[in-house]
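Thank you all for coming. Please have a look at the protein on the screen before I start talking through it.

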Amino acid sequence: MIAIGPVRAAILLAPGNNDMTTSALNRPGAGIVFIIIGVTAISANDMLIKELSGGYPLHQLVFLRSGIGILFSLAMVQFEGGWSILRTRQPGLHFLRGLLVVIANMTYFAALAVLPLAEATALFFVAPLFITLLSIPILGEKVGPLRIGAVVVGFAGALIMQRPWEGGETLEVSRIVLLLPMLAALFYALNQLMTRKLGATTQASALSVYIQGSFLLVSLAFYLVAGDGRFAEGAENQSVIFLLRAWTWPADADWPYLIGLGVNSAIVGYCLSQGYRLADAATAAPFEYVGLPLAVFWGWAIWSELPDWEVWIGMALIAGAGLFVFLREQQKARRIARAAGIKARY
């Protein structure tokens, strides 16, 4: 799943967030590299989850992925300072962040089991638009008419992909499934609004461990409640079946894919946390749009899927709106920096 959002720009522009810690973390070149690596790993992760979705429940895949991934994350903890960096004075915020990521992943992957990869990915890219809207009540951010207009255009693209002119009987999937990636984007937007604040005092490897731990706890809870598959009996919806089917011991041929999921999980958790710790999102986040052509490529290469015309139009509008929002954030940050420089001289 893609992790998107101008959270750093929004928080840096919010009143009272001009501290020395934030300035010390500003290394945009390194942040961009981490974002690109993380997004590439996410795209491979989505492809692997979709490929395995026909034989395993989502919570088993999440458990195996996170169980392997947390080992790599713990190794990075040792590299970045040892066990002491796992201590936190904000356990509640870390728990909330982990819960938001878990819900975002569950809803997104439930849709991915049914939707083409490019379509699910494109719908999830409304996350930056949600962040722009949520920054108004949560961060007190002032959003001008141009950015509001871009948000409207982006959501118009998402609406086109929902195909409102078609009846429910002619759609290949239910409207609920079409809405799931957007619901995932909403929860992930809320998560992103917390990442920069926590990242100012927490190493990227520790942030990754907390996320992996959250996935392990939730997937174990799913196993205890629904691991025998009783809630999937009689279900016809493929998303519901993917969420609730019984656990099964992996086939030998699937272990390389499962190990790949775990390695990817560690790469994603570390690189995205590090990327958004080091780079202003208004500078780095546009590079996450590498995920869209990668999703189209995997869909074509693995499942011979190419997007319908509605998806192409929706992708263009959503990506264009998101990039416009990022550029406006950059312009605003520059104006604030110039104004601060003038005041400093006097």
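What you see is a predicted model, in which local features need pLDDT of at least 70 and side-chain atom pairs count only at pLDDT 80 or more, while totals for chains, interfaces and linings use all residues. Residues are numbered from 1 along each chain as its sequence is written, and side-chain values use heavy atoms, with hydrogens and water left out.

Let me begin with the overall build. The protein has 15 helices and 0 strands, where helices (H or I, at least four residues) and strands (E, at least two) are DSSP runs numbered from the N terminus. Of the 346 residues in the protein, 53% are buried; here buried means under 20% relative accessible area, exposed means over 50%, and partly exposed is in between, with a 1.4 Å probe and protein chains only. If we take the contacts (heavy atoms within 4.5 Å) with a separation of 6 or more, 86% of them are between residues 24 or more positions apart. 

Now to the aromatic rings. Rings of Phe, Tyr and Trp (its six-membered ring) pair if their centres lie within 6.5 Å, and planes under 30 degrees apart count as stacked, over 60 as edge-to-face and the rest as tilted. The structure holds 11 such aromatic pairs. One of them is formed by Phe 124 and Tyr 188, which are edge-to-face, with 6.1 Å from centre to centre and 75° between the planes. This pair links distant parts of the chain, since Phe 124 sits in helix α6 (residues 117-124) and Tyr 188 in helix α9 (residues 175-199), 64 residues apart. Are these two residues buried or exposed? Phe 124 counts as buried because its relative accessibility is 0%, and Tyr 188, with a relative accessible area of 10%, is buried as well.

Lys 50 lies over the face of Trp 303, at 5.6 Å from the ring centre, and Arg 65 lies over the face of Phe 215, at 4.9 Å from the ring centre.

Next come the salt bridges. Side chains of opposite charge can pair when their charged atoms come close. A salt bridge is counted when a side-chain nitrogen of Lys or Arg is within 4 Å of a carboxyl oxygen of Asp or Glu, and a search of the whole structure finds 4 of them. Which residue does Glu 119 pair with? Its partner is Arg 163, and the closest N and O atoms are 2.9 Å apart. Because Glu 119 lies in helix α6 and Arg 163 in the loop between α8 and α9, the pair ties together parts that are 44 residues apart in sequence. Arg 163 also forms a salt bridge with Glu 310, where the closest N and O atoms are 3.8 Å apart. Since Glu 310 is in helix α15, that pair ties together parts 147 residues apart in sequence. Both Arg 163 and Glu 310 are buried, and Glu 119 is buried too, with a relative accessible area of 6%. The backbone of Arg 163 deserves a look as well, as its phi is near 50°, a positive value in a residue other than glycine.

A further salt bridge joins Arg 230 and Asp 228, with the closest N and O atoms 2.8 Å apart. Arg 230 counts as partly exposed at 41% relative accessibility, and Asp 228 is partly exposed at 49%. Salt bridges that share partners join Glu 119, Arg 163, Asp 308 and Glu 310 into one network.

Finally, the surface. The accessible surface comes to about 15,200 Å², of which 68% belongs to carbon and sulfur atoms, as given by the Shrake-Rupley method with a 1.4 Å probe, and for residues only the protein chains shown count as cover. Leu 133, Ile 136, Ile 148 and Val 152 make a nonpolar surface patch of about 300 Å². Patches are made of residues with over 30% relative accessible area and no salt bridge, with like charges joined within 9 Å and nonpolar side chains (Val, Leu, Ile, Met, Phe, Trp, Tyr) within 5 Å. Helices α7 (127-139) and α8 each supply at least two residues of this patch. Val 152, in helix α8, counts as exposed because its relative accessibility is 55%.

Conventions:
Lys NZ or Arg CZ within 6 Å of the ring centre and 35° of its normal.
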